[in-house]
Amino acid sequence: LPPRAVLVTFDDAYASVAELAAPLCRQFGIPAVFFVNAAFLDNQRLAPDNLVCYVASVLGMKTINAAARAARGNETPELHSVSEVFKSLFPGMSLAEREVFLEELRRLGGMSESHMAAEAGLYLTSKQLRELASFDFEIGNHTYSHVHGRSLTQADFGPQIDRNKAELESISGTRVRSFSLPYGSSADLTCDLTGHLERSGHSAIFLSE
């Protein structure tokens with residue numbers, strides 16, 4: 001690296017990175033990596049964090065707790081804030097439990113997730129992703145559907161790591177060689193995950209702590 005090197009990274013592939021961040025990076029010559037969850041490209045569905053925040057805001061924590069009990073049983077500790085969902089509930093869930101929780105949120109909220117996602121337009125389109133790559137910004141892996149690394153079993157690596165890498169490379173036309181852990185904690189960087197990332201062609205792992 002050159003002296004005083006700087007690299008800017010953006011997680012989650014919100015549309016604002018193409019509309020606001022990328023033009024600023026181009027203007028000032030700042031290199032950047034955009035870490036993307038392919039599941040949410042083209043606004044077909046909502047990311048779990050956005051779904052949780054929406055339900056908590058509109059329906060309250062009572063609905064969040066009902067969905068948590070449906071996924072993990074009636075002994076699940078009471079959640080008092082959205083931050084507790086991300087810090088306590090999600091990290092301890094298997095991917096199957098998390099999907100039950102999210103499906104229950106959709107049911108209790110009586111919502112059409114695809115309609116809400118299309119209306120909100122929160123995330124990058126495939127066209128915007130290709131444009132980012134064409135400007136020599138790097139596209140990185142952020143798991144397929146934004147999951148905690150500690151929740152991943154060996155069987156999950158293919159659907160969450162390899163699938164995301166393949167889809168991003170196909171859409172962007174560039175090689176994906178970097179991985180950013182959703183939520184950024186080193187507790188999610190398990191030995192099995194590290195080994196799989198190395199074997200699957202990733203050469204850099206990013207944390208945020």
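Which side chains meet in a salt bridge of 3.2 Å, N to O? Select R106 and E99: their side chains form that bridge. Keep in mind that this is a predicted model.

**Stop 1: the R106 pair and its network**

Stay on the two partners. R106 counts as buried, at 11% relative accessibility. E99 counts as partly exposed, at 35%. Salt bridges with shared partners join E99, E103, R106 and E113 into one network.

**Stop 2: helix 4**

Select residues 82–89, which form helix 4. Show the side chains of V85, F86 and L89; these three are buried. Look down the axis of helix 4: the buried residues fall within an arc of 120°, so they line one face of the helix. What covers them? Bring up helix 2 (48–59), helix 3 (61–72) and helix 5 (95–109), which are among the elements covering the buried residues of helix 4.

**Stop 3: the cores**

Next, select I64, V85, F101 and L105. They have the most contacts inside the largest nonpolar core, a set of 46 residues. Elements that give two or more residues to this core include helix 1, strand 2 (32–36), helix 6 (113–120) and helix 7 (126–134). A second, separate core has nine residues, among them L95, V147, F179 and L193. In soluble globular proteins, nonpolar side chains tend to be buried together.

Zoom in on F101. Leaving aside neighbours within four places in sequence, its contacts include V52, I64, A67, V85, L89 and M93.

**Stop 4**

Select R150 and D188. Their side chains meet in a salt bridge at 2.7 Å, N to O. R150 lies in the loop between strand 3 (138–141) and helix 8 (154–172), and D188 in the loop between strand 4 (178–180) and helix 9 (191–199), so the pair ties together parts that are 38 residues apart in sequence. D188 is buried, at 0%.

**Stop 5**

Move to E169 and K165, whose side chains meet in a salt bridge at 2.8 Å, N to O. The two are four residues apart in helix 8, so about one helical turn separates them. E169 counts as partly exposed, at 24%, and K165 is buried, at 11%. Across the whole structure, a search finds eleven salt bridges.

**Stop 6: the surface**

Finish with V6, L24, F28 and I30. Together they make a nonpolar surface patch of about 390 Å². F28 is found in helix 1 (residues 15–28). F28 is exposed, with a relative accessible area of 56%.

Terms used
Residues numbered from 1 in each chain as written. Predicted model: local features only at pLDDT ≥ 70, side-chain atom pairs only at ≥ 80, totals over all residues. Heavy atoms only, no water. Patch = residues over 30% accessible without salt bridge, like charges linked within 9 Å, V, L, I, M, F, W, Y side chains within 5 Å. Areas by Shrake-Rupley, 256 points an atom, 1.4 Å probe, with all protein chains shown as cover. Salt bridge = Lys/Arg side-chain N within 4 Å of Asp/Glu carboxyl O. Buried < 20%, exposed > 50% of the residue type's maximum accessible area, 1.4 Å probe, protein only. Arc of directions from axis to C-beta. Contact = heavy atoms within 4.5 Å. Core = buried A, V, L, I, M, F, W, Y, C linked by side-chain atoms within 4.5 Å.
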